[in-house]
Amino acid sequence: MRGIWRLLKSEAIRLKHTPLLWIHLIVPILGAAVFLAYYRFAGWGSAAKVQGYLQVVSCSWPFLCGILCALAEEMEAEGGWQNFLILPKRKYQALLAKWLVLLAAGLAACLLAVVGFAAVYRFFPEGTVYPFSVYFLETVLIWLGQAVVYLLHLALSLRFGKTVSIGVGIAGSLLAFLMLTGLGDGIWMFFPWAWSCRGCSYLLLYAAGSGRNIALSPSVKMEGIFCLVMGLVLIAVIFGWFSHYEGRRNLEE
């Protein structure tokens, strides 16, 4: 345990001196500000505004993950892969520490993007269409849905480089928007990039009162269980692969 705590502390200190922290903080604030400014004049209904904003946030997150994990890999490459390659018997701890620190930063970003938006939006006409509890649950859903995405993009960055991570992030965001349509019915669970946006949509249906039957239906429960199992399998596979990782440059030689 001491080893993982030291690595976590090291990753947190390094995060403060990189653009990763500022991207996690500034992008959500700017995004929420842009939407709030637009919503002052938009003629949409209040519920539609909230739904549109949360869908954009959840569907755009894979692209952000691609960039952030690419920067994290670049940081490791510049440091000579020291944390990843000097712990041959506990190599997984280095990946776990980096993943957990990124998840902590991601949670802060989700809170700024969703709860921060809600705190200001409540001063708008009909801005109390949803209680604060819904926004907190949406934050948790977005964060949990992107947890595996962070790890996937870390693996892609470490194995193939930042270009692949960013490219897959762009494709993942486009796919997430597509999975919100009818084309995603029955298949969205197979794409981790779409878990957040679908989960957000189900929660808003439930909160609006028109989808309580959906939230309790066996099909939605099975979809949630499938996502959980698939997420655990992906985590196990990635950590299993990383136990044999020797650095991207070495692998390409």
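Helices (H or I, at least four residues) and strands (E, at least two) are DSSP runs, numbered from the N terminus. By that rule, the protein has 11 helices and 0 strands. This is a predicted model: local features need pLDDT of at least 70, side-chain atom pairs count only at pLDDT 80 or more, and totals for chains, interfaces and linings use all residues. Residues are numbered from 1 along each chain as its sequence is written, and side-chain values use heavy atoms, without hydrogens or water.

**Overall build**
- The order along the sequence is α-α-α-α-α-α-α-α-α-α-α.
- Of 253 residues, 47% are buried (under 20% relative accessible area, 1.4 Å probe, protein chains only).
- Among contacts (heavy atoms within 4.5 Å) with a separation of 6 or more, 77% join residues 24 or more positions apart.
- Carbon and sulfur atoms hold 71% of the accessible surface, which totals about 12,500 Å² (Shrake-Rupley method, 1.4 Å probe).

**Helices α2 and α5**
- Helix α2 (residues 19–39) packs with helix α5 (residues 91–121) at about 20°, axes 9 Å apart (lines fitted to C-alpha atoms over the stretch in contact; angles run from 0 to 180 degrees between N-to-C directions).
- The pair is therefore roughly parallel (angles under 35 degrees).
- From α2, the contact includes Leu20, His24, Leu25 and Pro28. From α5, the residues include Leu102, Ala105, Gly106 and Ala109.
- By class, this contact has 15 nonpolar, 2 polar and no charged residues (nonpolar: Ala, Val, Leu, Ile, Met, Phe, Trp, Tyr, Cys and Pro; charged: Asp, Glu, Lys and Arg; polar: the others, Gly among them).

Technical notes: Buried < 20%, exposed > 50% of the residue type's maximum accessible area, 1.4 Å probe, protein only. Parallel < 35°, antiparallel > 145°, perpendicular 65-115°, else oblique.
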